[in-house]
Amino acid sequence: MNEIQYIGERLWLGNLGHFFTLLSMAASLLAAIAYAISFSHRKNEIVANSWRKLARAGFFTHAFSIFAIVAILFYLIFKHYFEYQYVWQHSSLDLPVYYMLSCFWEGQEGSFLLWSFWNAVLSLIIIIKGGGKWEAPVLSTVSWVQVFLATMLIGIYIGSYKLGSSPFALMRQNMPANPLFMNPEYVSLIKDGNGLNPLLQNYWMVIHPPVLFLGFSASLFPFAYSIAAMLFNDFSRIWANITLRWTLFTSAILGIGILMGGAWAYESLSFGGYWAWDPVENASLVPWIFSIAGLHTLMAYRSTGHALKSTLFFLMGSFWLVLYSTFLTRSGILGDTSVHAFTDLGMSGQLLVFMLTFIIASAILFIVKLLSLPQPAKEESAYSRELWLFVGSLVAVILATMIGIDTSWPAINKITGGSRVIIDPISHYNRYSAWFTVAILIFVAVTQYFKFKNTDTAKWAKDLALPLGISAVLTIIITWAADFSFFITYKLFNSVEVPFLSVYMLLMFSSIFAIVANIQYFFTVLKGKAKVSGASVAHVGFGLMILGVLFSAGKKEVLSINTLFDFKDVENEQFKRENILLSKNMPVQMGDYWVTYKSDSTQRFDTYYAIQYQQKANQSDVPSRTFTLYPSAQINPKMGLISNPDTRHFWDKDIFSFISSVPDRTAESEEGLSLKEAELSVGDTVAVNNALIILEAIDPNPSKEDYFPLAGDVAAGAKLQVLGIEKNYRLEPLYVIRNLEETHYEDKVEDLGLTARFEKIYPDKGKIKLQFISQTPKPEYVIMKVIKFPFINLLWLGCIIMSIGFFISLRYRQHAK
Amino acid sequence: MRKSHIAILIIIALAITYIISTSSNYSTYENFTTAISKEGKEFQVVGNLSRPDAMYYKPEEDPNFFSFYMKDKQGKEAKVVYKGPQPADFARSEDIVLTGKMNGDVFEASKILLKCPSKYNDGKLETQTFEAKS
């Protein structure tokens, strides 16, 4: 068979891209090896420096290649070169530029690239700022990671095994059997791309992935510094300070990235919340908790020399878990348990090797060094800050481990052949996370009041008495005012019933306690100095965040409870009827509101439904507040109903609404049409559907936009009055004879779906024959769900304050030596 | 023994107790036959839509009532009732994963997970979840 000469392909950019992927891999390999040799010659400065020079050249080449790949891939998307598989699959012509960024990282290849990109940027910062003796071992580790990431992008076959998946692969290479590619001019035949998943067409999806991946990248550095410290046997204060900065940075960025994902879910997914314990969400939460734990034990180590082993373990663990979560979300192993895992690209083997290589190598190093790690001779006191920092971190890590195991069931099932699933993830995870969070919040409140080494317990108790009292009083007032239950009965071992404080109340108390205790700490111990307030601010933010979660989730109220049609299964109260049908212009009461579906309009592919909310007690009252929400829905040919919620934000609550179902208007059938014929004289009336039609007069000189009278025409118009239920209309169908041929000009009332046709004149009878074609009105309704989230703003406020706290700390410790 | 070791032991013991006491939240993939034999217990059942003509959803009447017939992977058929709106594209789905329990002859689903052939994912399967209660 002859090779087909394709016309119009723009291959040179893709070839350049391929070239840079190979170059980036080769250069990172060079950097990894040269840095390692430089490190091994650390005793001989001249040799070490010359190797380091080579390594840097390699790394600069690598970084440049990564930047070039990013630029080329973005250019291909921007220019809509659909002969490239990645471009075709993830983008389309109608996308605005900022969503092209989302296209860039929608697929696995692009997101690996994003990860590599951040690794390269952060490493360049180390080189430029001067990494000192740490540069060689740290950047060697980073470069090895980059080698593995680069293999994910090369997409070449080694024997029959495909290594990686190239973003520069052509469509015709990936699906050679498609007959389209028999045509040499196929490029001009691809009119548009497959498009970006509509759920990702949201501004959060423009910024959430890069921030989250920056967090993943950042977590590599505490890991690499831990490895370097073990190789050097250097756990000095200088090392601790550098690592502390990286850990703070990781915790801040990863945390912000996760929260942005929550904000995206809240704004564009219709499960009604910001956190669903989805495996993909958990996979980023677990490494974050490890990083936070490592941050706290590192503080303890820096001041007292205790908790080094756990610090190293937590910091390495954080990166291990980033690798593990990469494996879980990209290998396809999560299968049907997650809504937003990546599609399997058949790289699970490669991902497994990537993960195991780093975990096993670093774990072996850790075990080998374990016994020789420096350790203070004296045991920590029971009243010391370092002990409680450690215990608190341990509690957090155990929680993270439990979440991690529960997220891994699909993977565990695959190994053991089991089939265990979690029936109701939200209540399952909430159940134990709530208790752990109570404990963590109490640690957050009290630990700072312990001093390092040893504490005067009487003073400790005295300092905490005031916050304890304030919190207890506030808790009782708020719990009572917000109508949370104080007590709840627990079933122990499925038989013994024990009354106990409700976990809501304990959470309320512990989060308020954490907030109050940290505010007091800021004013009394830190004397209000903003510079050193990072920890206090972050802790207050964390407390507020949990309080916001508690209110918005614990007091969440579904307003759209269906009371109209509750006759089926009255005895079955387990299922609340949470969706309500709104017919157009028929107000329905929901909580404090009367809600009316007013109209809809279609923009691009989405239909926006104008839903008016009027706050009033009775339908006839004057509303005290009126607003309109525009939830949208599209019947997507590829994905079915895609519903985008719309939310009204008040300072003390959100009203969240989304469309859960709409009538399918495309399924209009001929059956809905009915024909009625009538012979009428002037003045006669006929009933059609819900309207009365009166023949008022016969117009001998009719006019109509599309009728152009000619000499010789015989024309007549039937002047009809149509009395509808709400409105009256006028119609004038025409009957025209031109050159012995009959023509009928129909007239139509759109609102009623009624068409009138002037069929014939019977001059002898003095009557005319009219045809009325009426269409049963289209069903005009939406089915909606409306949820009230009280005090959800506390959650967002808490998130922002917590992030600010991290950055205050980071700034304060920026120059610590 | 160091205090930190004691703390670890206590906490791990608590965690294990807790995991055991909450293990009732776990379940396994089953078929209608086992769901019938353990009526009232929650299971996940995988299957396909059978008798598409018998799907019933009339939102004008009740927007929260949808019923259909499903055949599980062993070929056993049961009527399924879902107290929520009919998921869009339901008839086109390849596999259906139900979470719920038997009540008499009827399987009451609290959650429906659909695997639809999706063009976004290159002909691969895509899942969508629908829940009756929040």
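**Figure 1. Helix α17 of chain A and what covers it.** The buried residues of α17(A) are covered by elements that include α16 (425-446) and α18 (503-525) of chain A. Helices here are DSSP runs of H or I with at least four residues, strands are runs of E with at least two, and both are numbered from the N terminus. D463(A), P467(A), S471(A) and T475(A) of this helix are buried; a buried residue has 20 or more other C-beta atoms within 10 Å of its own, an exposed one has 12 or fewer, a partly exposed one falls in between, and C-beta atoms are placed from the backbone. An α-helix has 3.6 residues a turn, so residues three or four places apart point the same way.

This is a predicted model, in which local features need pLDDT of at least 70 and side-chain atom pairs count only at pLDDT 80 or more, while totals for chains, interfaces and linings use all residues. Residues are numbered from 1 along each chain as its sequence is written, and chains are lettered from A and ligands numbered from 1 in the order in which they are written.

**Figure 2. The bend and the end of α17(A).** At A465(A) the helix α17(A) bends by about 35 degrees, and the proline P467(A) follows within four residues. The bend is the angle between axes fitted to the seven residues ending at a residue and the seven starting there. After α17(A) comes D483(A), with a positive phi near 65 degrees.

**Figure 3. Two loop residues with positive phi.** H80(A), which is not a glycine, has a positive phi near 55 degrees. H80(A) sits in the loop between α2 (45-78) and α3 (85-90) of chain A, and it counts as partly exposed because it has 17 C-beta neighbours inside 10 Å. K453(A), also not a glycine, has a positive phi of about 75 degrees. The loop that holds K453(A) runs between α16 and α17 of chain A. K453(A) is partly exposed, because 15 other C-beta atoms lie within 10 Å.

**Figure 4. Chain B.** Two helices and seven strands make up the secondary structure of chain B. Of the 134 residues in chain B, 37% are buried.

Notes. Two residues are in contact if their C-beta atoms, placed from the backbone, lie within 7 Å.
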